[in-house]
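This report covers aromatic ring pairs and a surface charge patch. The sequence and structure come first.

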Amino acid sequence: MTVESGGPAWRWALAAVSATVFCVQLDAFALNLALPGIGRDLGAAGGGLQWVVSGYLLAAGTLMAGAGRLGDLYGRRRLLTAGLAVFGGASLVCALAPSLPVLVGARVVQGAGGAVAMPVGLALLTNACPPRARARVMGRALGIGGVATVCGPYAGGVLTEAVSWRAVFWLNVPVALVAVGCAARSGESRDTTVPPSVDMAGLVTATGALAALAVLVDRGQPWGWASGRSATALALAVTLGCVFVRHERAVANPLVDLALFGNRPFVALTAAGAAANAATVVLLFVVPLALQGPWRLSATGAGAAFLAPAAAMALAGPVAGRIRTADAVRVMAAALVLGAAALGAAAMATSLPVFLVAVTGCGAALGIAGALTLIATQAVVRPERAGEASGVTKTVITTAAGLGVALSGPAAEARSTAAVAAALMAAGGCCLAGAALLVLTRRRPGGSCGGHSRTDGCPG
């Protein structure tokens with residue numbers, strides 16, 4: 001499974017993945033408050049600016065599943081380095097972009113680079129770490145990513161005001177270079193149980209189905225969910241998905257082993273993680289707007305007030321890394337219930353201190369749920385197919401981020417107390433749906449983890 005390794009190789013892998021997660025997550029969330037500045041500088045407005053965010057998410061959500069398995073086949077370190085090179089180069093083009101079309105195009109390429117780097121990075125770390133330390137080490141990397149996730153919107157606003165929106169992209173370049181340097185010192189690993197050949201038909205049909213689904217999630221609300229364009233996107237996603245499944249059942253070395261979807265803990269954790277990620281995106285989008293809108297804080301004051309929920313979410317990664325795999329489903333369900341309760345309390349808060357306490361508790365709960373999604377799903381699959389599993393999980397939760405953006409839309413436009421409360425309550429509903437799914441999974445009798453025994457690390 002491991003082609004080359006050394007004693008400290010896992011530490012270099014940790015550094016590489018931490019830097020990767022940091023710059024990708026920072027970039028994903030830092031532009032929301034920078035969009036007005038981009039519009040002014042590039043002479044763009046309205047729906048065109050939305051593609052600066054949407055183009056990135058569409059590319060990332062579409063390509064992750066295939067990229068994860070390619071890393072398994074051709075070397076996770078090699079694919080991580082390639083993804084980082086694409087991401088860093090596209091960041092440079094974004095920083096120098098003279099027009100909105102150039103910026104959007106570079107953002108799509110950025111999303112493609114991030115789609116490669118994220119799942120293969122997690123798989124590299126899974127295979128590089130000693131088994132007993134794997135969850136704790138992954139928790140540290142995700143904690144660093146959590147810092148970037150929760151501070152991204154504020155950092156984007158501050159950099160835009162103090163320097164320029166271009167500074168957000170300039171920041172990615174040295175961080176990506178550091179990640180490449182660390183990756184070069186980590187051990188290489190790949191799946192040696194199958195020949196390194198690409199299932200091209202599976203790759204094309206999976207990518208097409210995911211692209212259609214991502215477009216539907218992103219554009220469904222402005223188009224109208226019952227419109228002809230939404231129906232066409234849905235039909236295309238379903239058709240290509242059916243072709244993909246039929247092909248994967250027949251091919252000798254599939255892109256995605258369909259037995260993965262018989263792994264009940266993996267499926268439940270991934271689906272619940274999607275719900276948690278949608279709620280997290282709502283939290284990250286709506287709370288800064290609420291602090292500056294209904295709660296009437298300045299941009300600087302809102303940033304300072306958001307430090308507590310930011311810290312709670314960042315610390316959740318290392319905490320999640322210390323939770324036993326056997327307890328992952330139960331703990332994640334409890335975290336989602338607590339997150340829903342905290343979101344409800346925030347929606348009904350009548351004073352700023354109560355609001356901040358509620359969103360801080362929610363940040364901690366959702367942070368644990370999100371980190372457990374990535375840590376526990378890696379623990380319930382065979383290490384040689386870690387990239388495949390990571391790619392599937394990241395694809396699902398990234399697509400769910402588009403749902404979170406859609407739920408945040410009315411609050412972003414109205415910035416009223418009622419709109420903020422409605423968005424927070426909708427996010428709470430996502431949390432409860434995820435928790436219910438996990439509870440139902442635990443109560444189903446019998447079954448196994450995708451054909452593996454419980455000694456392979458399946459929770460509960």
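## Aromatic pairs

Trp165 and Phe169 are both buried (under 20% relative accessible area; exposed is over 50%, partly exposed in between, with a 1.4 Å probe and protein chains only). Their rings form an edge-to-face pair, with 6.1 Å centre to centre and 85 degrees between the planes. Rings of Phe, Tyr and Trp (its six-membered ring) pair if their centres lie within 6.5 Å; planes under 30 degrees apart are stacked, over 60 edge-to-face, and the rest tilted.

Trp295 and Phe355 also pair: the ring centres are 5.5 Å apart and the planes stand at 40 degrees, so this pair is tilted. Trp295 sits in the loop between α10 (264–292) and α11 (299–305), and Phe355 in helix α14 (residues 352–379), so the contact ties together parts 60 residues apart in sequence. Trp295 is partly exposed at 23% relative accessible area, whereas Phe355 is buried at 1%.

## Positive patch

Arg11, Arg136, Arg140 and Arg322 form a positive surface patch. Patch residues have over 30% relative accessible area and no salt bridge, and like charges are joined within 9 Å; a salt bridge is a side-chain nitrogen of Lys or Arg within 4 Å of a carboxyl oxygen of Asp or Glu. Arg140 belongs to helix α6 (residues 134–162) and is partly exposed, at 41% relative accessibility. Helices are DSSP runs (H or I) of at least four residues, numbered from the N terminus.

## Basis

This is a predicted model: local features need pLDDT of at least 70, side-chain atom pairs count only at pLDDT 80 or more, and totals for chains, interfaces and linings use all residues. Residues are numbered from 1 along each chain as its sequence is written, and side-chain values use heavy atoms, leaving out hydrogens and water.

Conventions
Patches are made of residues with over 30% relative accessible area and no salt bridge: like charges are joined within 9 Å, nonpolar side chains (Val, Leu, Ile, Met, Phe, Trp, Tyr) within 5 Å. Accessible areas come from the Shrake-Rupley method with a 1.4 Å probe; for residues, only the protein chains shown count as cover. Lys and Arg count as positive and Asp and Glu as negative; His and the chain ends are not counted. The place of a charge is taken as NZ of Lys, CZ of Arg, CG of Asp or CD of Glu. Helices (H or I, at least four residues) and strands (E, at least two) are DSSP runs, numbered from the N terminus.
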